[in-house]
Amino acid sequence: MKRSYKGIADEMIRLVEREQLKDEKLWKLAAGQFAGTPDDADHGWRGEYWGKLMRGACMTYQYTEDEALYEILRETVLELMSYQDREGRIATYSKEAEFNGWDIWCRKYVLLGLIHFYEICREEELKEQVLNAAGRHLDYVIDHIGDEEGKKKITLASDAWQGINSSSILEPVVRLYQLKPERRYLKFADYIVENGGAEGFDIFQAAYEDRLYPYQYPVVKAYELMSCFEGLLFYAHVRESEKWKQAVVRFADRLLESEAVIVGGSGCQHELFNHSSLMQTGTKYDGLMLETCVTVTWMKLLYRVYGMTGNMKYLEEVERSAFNALYGAVNTENSTCGPETTFDEVHYREVYDRAVAGRGGCGQVFDSYSPLRSGIRGRAVGGFKSMEQGKEFCGCCIAIGAAGTALTAFAAARNSKKGIEIGIYLPGQIRTDIEGVPVKLTVEGDYPAGGEVLVLVEPEKEADFEISLRIPSFTESVQAEVNGEALQDAQPGTYLRVSRRWKKGDRICLSLCWNARLVFGMENPEDDLSSRHVAVLYGPLALARDQRLGAEGRPVALGDGKVSAQKKEKGNIPCQCLFDVAIGGEAFPMMDYASAGKTWRRDSQMEVWMQADRG
């Protein structure tokens with residue numbers, strides 16, 4: 001399926017490609033960590049950056065098909081493979097220090113990067129070289145990690161987070177097996193699952209038994225936990241294991257129950273699961289929450305669960321995370337860090353100024369944390385590491401973001417058994433083949449700011465197939481028609497499935513209607529008990545107050561508890577949409593969360609959760 005979108009999804013992908021993924025200096029820096037005789041002396045994660053960037057870049061290339069990007073990726077893959085030693089190692093750790101700290105985590109990302117490039121590579125000889133390099137790289141790990149005498153247990157190959165970072169290598173192990181089905185790779189995947197993922201606690205069995213929420217596990221590092229379950233999903237598919245498929249689904253359901261927040265993503269105690277659905281209104285962590293690495297991994301895991309189950313709730317969470325948390329983390333205004341007043345903020349801003357920018361040193365492409373209570377963006381660099389003797393710097397969220405922006409485009413539409421399914425109404429064109437017939441669909445509308453959607457259907461010749469259209473669960477009423485003929489079975493929270501003989505020029509019109517919704521925060525023990533907190537949703541969008549609009553920080557008088565939102569002209573503040581919101585008779589402006597706070601300074605301090613007087 002070929003997609004060519006317009007609007008925010010395309011803008012985000014193109015910005016990331018232009019400002020980050022085509023930065024050859026960044027690729028040289030990331031690959032250069034493996035050169036010579038490396039020794040990651042602080043047992044850090046510098047070796048993750050190349051593979052993270054490569055995964056997102058390959059996904060981006062699959063969307064843009066930009067030749068200049070392909071050539072950059074080809075060159076950096078060749079450079080990386082030139083650093084592989086005779087034993088197959090591609091590592092930032094010396095042999096004396098290997099299999100400690102984040103070494104296997106970094107080797108996981110090398111493997112993922114090579115696999116993702118293999119999938120887009122157009123040259124058979126180079127594909128063979130890449131697959132051979134990936135195999136030798138994994139073979140070395142298998143020769144040294146396991147339960148045989150002289151080998152190191154995988155959950156003891158790291159002193160961080162009970163070894164779940166090491167166990168997350170499960171995904172690329174299975175993916176390499178799918179490309180190169182050698183028995184030792186599947187056997188190694190069996191070993192990882194049988195060891196339970198974490199030292200002293202079987203995270204996979206715990207998910208299957210479904211007795212605990214993830215924040216109740218003895219290890220709650222959000223990103224790494226979800227990475228392990230991404231791997232388990234691949235493993236379950238290859239092993240045709242219903243048990244492990246159920247374990248992944250139950251883990252995802254527990255996440256949605258206990259960790260989902262108002263803007264998508266999770267983790268309100270820095271990068272940790274902490275019952276975020278409850279704790280999201282608190283002030284204790286002052287904006288160091290909702291790490292972008294967590295948001296992207298959250299989206300990837302839930303989209304894969306959606307692909308396995310077809311349950312719309314997982315896709316809706318991907319959509320919410322994309323339009324809010326993810327796009328809010330993209331530095332669309334090329335913001336840099338100005339002077340601040342507190343010690344912590346000065347420290348964080350100095351870190352930002354030193355980090356790899358991808359824009360000639362002008363500013364980060366991705367922010368690392370997203371505030372929900374009154375605060376600012378641009379607070380800190382997640383996964384910050386210095387490289388090249390302190391001359392250059394990078395961070396984990398800088399490297400992972402491109403995978404999220406690309407994923408959103410692919411999540412919007414997919415082929416189904418009977419035709420095509422449109423789940424997110426991104427404006428633009430979709431081209432695919434349905435039983436050998438080329439079909440082009442053109443989607444028009446201003447979703448998610450509005451619900452008027454037009455789909456133009458253009459098969460190369462008349463053909464019978466099904467078009468499935470998501471009717472979002474937040475829709476209050478819906479009207480649907482094909483060529484002016486009303487359809488009666490469109491219901492919120494379901495797919496409208498239209499099967500017919502389609503011909504060029506057929507038109508599907510959807511009118512999805514919704515109003516602003518007032519959401520009350522749960523009773524958080526961190527909150528001031530004399531007040532409560534409210535937020536405003538509009539379709540899949542969370543709305544935010546921004547200091548540039550005024551009213552940020554003022555308590556809201558609830559009155560009768562009714563809310564309304566009227567669209568208004570955007571003015572001179574860049575945003576996707578702007579509203580006059582009225583709550584209890586008081587009106588004030590709010591914008592979409594993804595656009596709020598984008599100066600990264602106090603002049604755009606913003607909030608989603610607003611303090612409300614109980615009276």
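Reader: Which helix gives the largest share of the lining of the second largest cavity?

Author: Helix 11 does, with three residues. Helices here are DSSP runs of H or I with at least four residues, strands are E runs of at least two, and both are numbered from the N terminus. A cavity is a set of points on a 1 Å grid, over the protein atoms alone, where a 1.4 Å probe fits but cannot get out, and lining residues have an atom within 4 Å of a point. This is a predicted model, where local features need pLDDT of at least 70 and side-chain atom pairs count only at pLDDT 80 or more, while totals for chains, interfaces and linings use all residues. Residues are numbered from 1 along each chain as its sequence is written, and side-chain values use heavy atoms, with hydrogens and water left out.

Reader: Which helices supply at least two residues of that lining?

Author: Helix 5 (103-120), helix 11 (222-239) and helix 14 (292-309) each do. The lining includes Lys-108, Tyr-109, Tyr-223, Ser-227, Glu-230, Thr-297 and Lys-300.

Reader: And how much space lies in it?

Author: About 30 Å³, the volume being the space filled by probe spheres set on the grid points, which are joined across faces, edges and corners. A search of the whole structure finds two cavities of 30 Å³ or more.

Reader: OK, switching to charges. How many salt bridges are there?

Author: The count comes to 45, taking a salt bridge as a side-chain nitrogen of Lys or Arg within 4 Å of a carboxyl oxygen of Asp or Glu.

Reader: What does Asp-42 pair with?

Author: Lys-385, with the closest N and O atoms 2.9 Å apart. That pair links distant parts of the chain, 343 residues apart: Asp-42 is in the loop between helix 2 (24-32) and helix 3 (48-64), and Lys-385 is in strand 4 (residues 385-387).

Reader: Is Lys-385 buried or exposed?

Author: Buried, at 11% relative accessible area, whereas Asp-42 is partly exposed at 42%. Buried means under 20%, exposed over 50% and partly exposed in between, with a 1.4 Å probe and protein chains only.

Methods. 1 Å grid on protein atoms, 1.4 Å probe; cavity = no way out; pocket = protein on both sides within 12 Å on 5 of 7 lines; lining within 4 Å.
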